Amino acid sequence: MFNVLFDVVSNVLSFIPRVLDVIPNEFYARGLGYIGAGIAVFTGFGTGIGQGIAASKAAEAVGRQPEAQSKILVTTLITQAVAETTGIYGLIIAFILTSK
Amino acid sequence: MLQWLSDYITHLPSYFIISLIVMTVIALFAIYFGYRVERLSPKDKPSKPITLVLVAIDGINAFIKNYIGKHWTYVAPFALTMGIYVFLSNIMGVIAVESPTQFTAITFSMSITAFFVIQSTGIISQGWRHFLGVFQPLAPLAPLNIVSEFVPIVSMALRLFGNIASGALLLGLLYRVSGWFSIIITPAFHLVFDIGFGTIQTLVIVLLTIIFASMKVKEEDFQ
């Protein structure tokens, strides 16, 4: 079993010296652009965590005082929309990269 | 000359024509309701649509008066008009027409106009002392304060553009994937992305304009 593992790992690692032999053709820039677009959308990671914490505090506040629910709903929608902006910046960079 | 003009008009992008149509519809409604309300004497009982319009505009004016105080007449018309225009533009996707707000030309023009309205509110309320507001908490932080006056232009425009354009992209892919089944699948997505996010983004952009303008008003009694 370990023989199979060593074979697989050595075949994968043998690509590393051959990375510098790449000859760019006309799709090189667009291909790397697509990879960059995928990395750019990763800004949604922090945005999702932050907005989830804010939503949990809003749910706690409604649980503590149920008659203030409509005010808390309006405040939550507005603050979530403002905090979502940085996640959208990553999406816009991805749009620009994939349409080049 | 005439050839150049006709060439220019026929090569205008489609979202520009749609935006002009939306503006014409809003202008016609406003002119009609303004004419009817002006001809109302205090003894008449107004009909239902006029009462609705009066109640809505009174409510919004009271809300803005709460934030801005004495000079609310300089901010309220722009805020309400921008709100109605952005709402109607976001909903255009439901009618199978491109919405103007998914193009940065329209959103940046809204946001630059909002910047001018906010700065004018500061100048109207405080005179030339509005420009000394950048030195306010600490004088060495002035470059930071100057930059943070110009950043809302970019952030408000890109927030609106990003929300509506990503919804439109998703719906385009969905229509292409589902072919004839799109009648069953896509109404829910239209409801969430076009109408839901469109309403939320309208609220956000109008409220942000009002709040930024209220931060520049200093010396009145009503804050």
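Tutor: We'll go chain by chain, then look at where the chains meet.

Student: Is this from an experiment or a prediction?
Tutor: This is a predicted model.

Student: OK. How many helices and strands in chain A?
Tutor: Chain A has five helices and zero strands. Along the sequence, the pattern is α-α-α-α-α.

Student: What box does chain A fill?
Tutor: Its C-alpha atoms take up roughly 65 × 45 × 15 Å along the principal axes.

Student: And how does the radius of gyration of chain A stand against a compact globule?
Tutor: Chain A has 23 Å. A compact globule of 100 residues would come in near 13 Å.

Student: What share of chain A is buried?
Tutor: Buried residues are 5% of the 100 residues in chain A.

Student: Which contacts hold in chain A, in terms of sequence separation?
Tutor: Take contacts between residues at least 6 apart in sequence. In chain A, 84% of those join residues at least 24 apart.

Student: Let's zoom in on α5(A). What length should it have?
Tutor: At 1.5 Å a residue, its 14 residues should span 20 Å. The end C-alpha atoms of α5(A) are 20 Å apart, so the two agree.

Student: Which residues of α5(A) are buried?
Tutor: Ile88(A), Gly90(A), Leu91(A) and Ala94(A). They cover an arc of only 150° around the axis, so they sit on the same side of α5(A).

Student: What do those buried residues pack against?
Tutor: Within chain A, they pack against α2 (28-40) and α3 (44-64). From chain B, α6 (142-178) joins in.

Student: How far is Ile93(A) from Glu67(A)?
Tutor: In sequence, they are 26 residues apart. In space, the C-alpha to C-alpha distance is 42 Å.

Student: Switching to the interface. How many residues are in contact?
Tutor: Nine residues of chain A contact 11 residues of chain B. On the chain A side, α4 (69-83) and α5 (85-98) each supply at least two residues. α5(A) gives the most, with five residues.

Student: What kinds of residue are on that side of chain A?
Tutor: Eight are nonpolar, one is polar and none is charged.

Student: Now chain B. What's the fold pattern?
Tutor: Chain B has seven helices and zero strands. It reads α-α-α-α-α-α-α along the sequence.

Student: And its dimensions and burial?
Tutor: The C-alpha trace of chain B spans about 60 × 60 × 50 Å along its principal axes. Of its 223 residues, 22% count as buried.

Student: Which residues touch the most others in the largest nonpolar core?
Tutor: Val75(B) and Ile205(B), out of the 28 residues in that core. Chain A contributes too: α5 of chain A supplies at least two residues, as do α3 (48-68), α4 (76-91), α5 (104-126), α6 and α7 (182-215) of chain B. α6(B) gives the most, with seven residues.

Student: What does Val75(B) touch?
Tutor: Leaving out residues up to four places away in sequence, Val75(B) touches Ile64(B), Ile68(B), Val117(B), Thr121(B), Ile210(B) and Ala213(B).

Student: Which residues are buried in α4(B)?
Tutor: Ala79(B), Val86(B), Ser89(B) and Asn90(B). Their arc around the axis is only 105°, so they are on the same side of α4(B). What covers them includes α2 (14-38), α3, α5, α6 and α7 of chain B.

Student: Last one. What is phi of Ala96(B)?
Tutor: Near 65°, a positive value in a residue other than glycine. Most residues other than glycine have a negative phi.

Student: Where is Ala96(B), and is it buried or exposed?
Tutor: Ala96(B) lies in the loop between α4 and α5 of chain B. It is exposed, with 7 other C-beta atoms within 10 Å.

Methods. Residues are numbered from 1 along each chain as its sequence is written. Chains are lettered from A and ligands numbered from 1 in the order in which they are written. This is a predicted model: local features need pLDDT of at least 70, side-chain atom pairs count only at pLDDT 80 or more; totals for chains, interfaces and linings use all residues. Two residues are in contact if their C-beta atoms, placed from the backbone, lie within 7 Å. Helices (H or I, at least four residues) and strands (E, at least two) are DSSP runs, numbered from the N terminus. Ala, Val, Leu, Ile, Met, Phe, Trp, Tyr, Cys and Pro count as nonpolar, Asp, Glu, Lys and Arg as charged, and the others, Gly among them, as polar. The expected span of a helix is 1.5 Å times one less than its number of residues. A residue is buried if 20 or more other C-beta atoms lie within 10 Å of its own, exposed if 12 or fewer, and partly exposed in between; C-beta atoms are placed from the backbone. The arc is that of the directions from the helix axis to the C-beta atoms. A nonpolar core is a set of buried Ala, Val, Leu, Ile, Met, Phe, Trp, Tyr and Cys residues joined through C-beta atoms within 7 Å. The radius of gyration is taken over C-alpha atoms; the globule rule is 2.2 Å times the number of residues to the power 0.38.
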